[in-house]
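Q: I'm new to this one. Can you walk me through it?

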Amino acid sequence: MGDFVKYHALGNDYLIIDPRRVDVPASGATARLLCDRRYGVGADGLLVGPVGPVTPGEPVELLIFNSDGSPCGRSGNGIRIFADHLLGREPQLGDGPSGRGLTVRTASGTSRVEITTPGTVRITLDAPTITTTDPIPSDPAQFDPASSGPAQFDPVHPGPASSGPMQSGPMQSGPMQSGPVRSGQHRERLLRPLSVGGRHLPVLVLDNGNPHVVVPLSAVDRAVAERWGEPIASHPDFPGRTNVEFLRVTERGLIEIEVWERGAGYTTASGSGACAAASAAHALGLIDDRVLVRMPGGAVEVDIAPDGTVGLTGPVAEVFTGLLGGELRTRLTAERRSSTPVAEPVP
């Protein structure tokens, strides 16, 4: 048994440390040290769990940290990876009809996970909260939420901003509307303008245990994410930073996304990001209840129930088990001596 295990889900990689076996601080500093790709092991995030007692049939506690050391309230891929790891080594903890289910509790609440086949894991998330705005902009050249397709915006070669001021009203949060939201109903209140780099981007803001901003575009690629991801993630409208998904709706059963995570930067895949993008496209009336979400690292299947509950099914894979070297252990020991109690992760 090693000190840690490394997994990935379509290239979105995580380290797992079991605090029952390895004594390292469950802190942001530990995450930064271990996730560093030059001086540590290298990963997009750190999973510390199970935390506390483990009882069959009861939720298992998990702490999640991004690679920059910031806490993460919920990670779709991280939770799926953790469940596959734990049930693979302690199958007696599995429950449900298949005996391969697990409830995982993180800072944002509980998530139900099930191993559907070896190497394939499904997670179910509660309906997200979508932030709406009123009134909406009136300049169709800059913002057209009633158009029949995704918003048209060229982020690589943006034109000048509108000369008129951006119109935005007080933000209100409410549960996601069940079923597709069609043009002429409430769709115009879901998209809002975000002023970035001299442009007013149409975006949809939601929270599914993690904060997300979804940007519908006519085309997406890595250059788009790397150019606009950080300016949106660190926008003053989001003081706690936000994850960003750049969305292209290819057809009603297929979407493509590029992801910029608030605590890791560009990633080849994101579980909660795929769910957020699918929820956004569904709320805008652009996709059906089941959709394939294609990312640079691969594809996952997402389904949306009438009440807005979201299910994601996709692969996870163990990469290797490792031992911490002496120099890294010394740094972690120094971190323990200087560390303060870990605050609860913020969703």
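This is a predicted model: local features need pLDDT of at least 70, side-chain atom pairs count only at pLDDT 80 or more; totals for chains, interfaces and linings use all residues.

Q: How much of the chain counts as buried?
A: Of its 347 residues, 53% count as buried.

Q: And what does the accessible surface come to?
A: About 14,300 Å² for the chain. Carbon and sulfur atoms hold 51% of that.

Q: On to the inside. Which residues touch the most other members in the largest nonpolar core?
A: Ile 255, Ile 257, Val 293 and Val 302. That core has 57 residues.

Q: Which helix gives the largest share of this core?
A: Helix α4, residues 271-283, with eight residues.

Q: What does Val 302 touch?
A: Leaving out residues up to four places away in sequence, Val 302 touches Ala 274, Ala 278, Asp 289, Arg 290, Val 291, Val 293, Val 310, Gly 311 and Leu 312.

Q: What is in the second, separate core?
A: The second core has 19 residues. Val 196, Val 203, Val 220 and Val 224 are among them.

Q: What span should α3 have?
A: At 1.5 Å a residue, its twelve residues (222-233) should span 16 Å. The end C-alpha atoms of α3 are 16 Å apart, so the two agree.

Q: What caps the N-terminal end of α3?
A: Asp 221 does. One of its side-chain oxygens lies 3.1 Å from the backbone nitrogen of Ala 223.

Q: Now α2. How many of its residues are buried?
A: Twelve of the 14, so α2 is largely enclosed by the rest of the structure. The buried ones include Arg 80, Asp 84 and His 85. Ile 79, Ile 81 and Phe 82 are also among them.

Q: Where is Glu 90?
A: In the loop between α2 (76-89) and β6 (101-106).

Q: Is Glu 90 buried or exposed, and what does it touch?
A: Glu 90 is buried, because its relative accessible area of 12% is under the 20% cut-off. Beyond residues up to four places away in sequence, Glu 90 touches Arg 20 and Arg 21.

Q: Different spot. Where does Asp 3 lie?
A: In the segment before β1 (4-9). Asp 3 is buried, with a relative accessible area of 11%.

Q: Which side chain does Asp 3 make a polar contact with?
A: That of Arg 329, at 2.6 Å, through the side chain of Asp 3.

Q: And Thr 268, where is that?
A: Thr 268 is in the loop between β16 and α4. At 27% relative accessibility, Thr 268 counts as partly exposed.

Q: What lies 2.8 Å from a polar atom of the Thr 268 side chain?
A: The backbone oxygen of Leu 10.

Q: What's the phi of Leu 10?
A: About 55°, a positive value although Leu 10 is not a glycine. Leu 10 is in the loop between β1 and β2 (12-17). Leu 10 is buried, with a relative accessible area of 13%.

Q: What about the phi of Arg 241?
A: Phi of Arg 241 is positive too, near 70°. Arg 241 is in the loop between α3 and β14.

Q: Last one. Which residues does a cis peptide bond join?
A: Gly 49 and Pro 50, with omega about 0°. Pro 50 is in the loop between β3 (45-48) and β4 (60-61).

Technical notes: Residues are numbered from 1 along each chain as its sequence is written. Side-chain values use heavy atoms; hydrogens and water are left out. A nonpolar core is a set of buried Ala, Val, Leu, Ile, Met, Phe, Trp, Tyr and Cys residues joined through side-chain atoms within 4.5 Å. Buried means under 20% relative accessible area, exposed over 50%, partly exposed in between (1.4 Å probe, protein chains only). Helices (H or I, at least four residues) and strands (E, at least two) are DSSP runs, numbered from the N terminus. Contact means heavy atoms within 4.5 Å. The expected span of a helix is 1.5 Å times one less than its number of residues. A polar contact is a pair of N or O atoms within 3.5 Å; within protein, one must be able to donate a hydrogen and the other to accept it, and residues adjacent in sequence count only if both atoms are side-chain atoms. Accessible areas come from the Shrake-Rupley method with a 1.4 Å probe; for residues, only the protein chains shown count as cover.
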